[in-house]
Amino acid sequence: MRLLSVNLARPRAADYTDSPTGATGIGKRPADGPVAVAAPGPRGAGGSGLAGDFVGDLRFHGGDHQAVYAYAREDLDDWAAALGRDLPNGVFGENLTTAGVDVCGALIGERWRVGERVVLEVSATRTPCRTFAGRLAELGVLPAARSARSAAEGPGSAGTPGDPGQRPENWLKRFTRAAVPGAYLRVVEPGEIRAGDPVEILYRPDHEVTSAFLFRALTTERELLPRVLAAGDALPPREYEEAQRYAERAGERDHAARLPAPPDASGAS
């Protein structure tokens, strides 16, 4: 298991971002040498955990729980086959493009050593946004459909080369249905990383909540949210609170369903 590339972005103006600055950092490219990694600070103040990497909208991106975003090269290759397009490292906005790592199957709270010193902990899942779709359309990955045909629904499917049958605005639904989100990581031990560094799994917690499981719970299968609580304080506070609220409401509904029916007001026996 290793890093194929460490990817960084410079600020770039784009009309498809809602960032107050009008600039986005989703267009990342592989760095040539070592990159310093450190915890960036809380959301709203801290950006990326990688030195030299720009985060365009601190309201929704960056901070300690989204310090580093990883995506597996194997999953990029599946998307490339489905879309009929080459997808270079960094194209999904990932900081780390990995080889041999089951990123979507990584458990919330799982810890990786990257290189000699850096320790990262899987902390959150990705929620696809308009900027993501806009960037892929800009690169020609998502041309407007020429026909009513739709491409296959997710990674590993053949698709229609050069005509994925998906307008950019439909990419978010397609990505969500596929549930191959990659994973965000927080920085536990800072240091430097570079392309070619080994990735070693140091610790895997004893629960079922992977990045993909959390993604499904937050999007298409919200009935899974109570089970997300098993990840405990390894979850970002926002996701934990959302799961807790859902579990409490579900408990109230179950309790109401078990109550005896009210007596017949007509007095009929």
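Guide: Glycine 84 comes after α1, and its phi is positive, near 70°. This is a predicted model. Helix α1 itself covers residues 73-83. Its buried residues are Arg73, Asp75, Leu76, Trp79, Ala80, Ala82 and Leu83.

Strand β8, residues 111-114, runs antiparallel to β9 and is joined to it by four bridges. One of the pairings sets arginine 113 against valine 119. The β8 and β9 hairpin has three residues between its strands. Glycine 115 takes a positive phi there, near 70°. The other partner is β10, also antiparallel to β9, with five bridges between the two. Here valine 122 faces leucine 185 of β10.

Look next at leucine 120. Beyond its neighbours within four places in sequence, its contacts include Val37, Val68 and Leu96. Glu110, Arg111, Trp112 and Val114 also touch leucine 120. So do Leu185, Arg186, Val187 and Val188. The largest nonpolar core has 39 residues, and Leu120 is among the four that touch the most other members, with Val68, Trp112 and Val228. The largest share of that core, four residues, comes from helix α4, residues 211-218.

Follow the chain past β9. Threonine 125 lies in the loop between β9 (118-124) and α2 (130-138). Buried means under 20% relative accessible area. Threonine 125 has 4%, so it counts as buried. Its side chain makes a polar contact with the side chain of serine 211, at 3.1 Å. Ser211 is also in its contact list, outside four places in sequence, along with Leu214, Phe215 and Leu218. Pro181, Gly182 and Tyr184 complete that list.

One more loop deserves a stop. Alanine 179 sits between α3 (168-178) and β10 (183-189). Its relative accessible area is 16%, so alanine 179 also counts as buried. Its phi is near 55°, a positive value in a residue other than glycine. Most residues other than glycine have a negative phi.

Conventions: Residues numbered from 1 in each chain as written. Predicted model: local features only at pLDDT ≥ 70, side-chain atom pairs only at ≥ 80, totals over all residues. Heavy atoms only, no water. Buried < 20%, exposed > 50% of the residue type's maximum accessible area, 1.4 Å probe, protein only. Core = buried A, V, L, I, M, F, W, Y, C linked by side-chain atoms within 4.5 Å. Contact = heavy atoms within 4.5 Å. Polar contact = N/O pair within 3.5 Å; in protein donor to acceptor, adjacent residues only side chain to side chain. Pairing = 2+ DSSP bridges.
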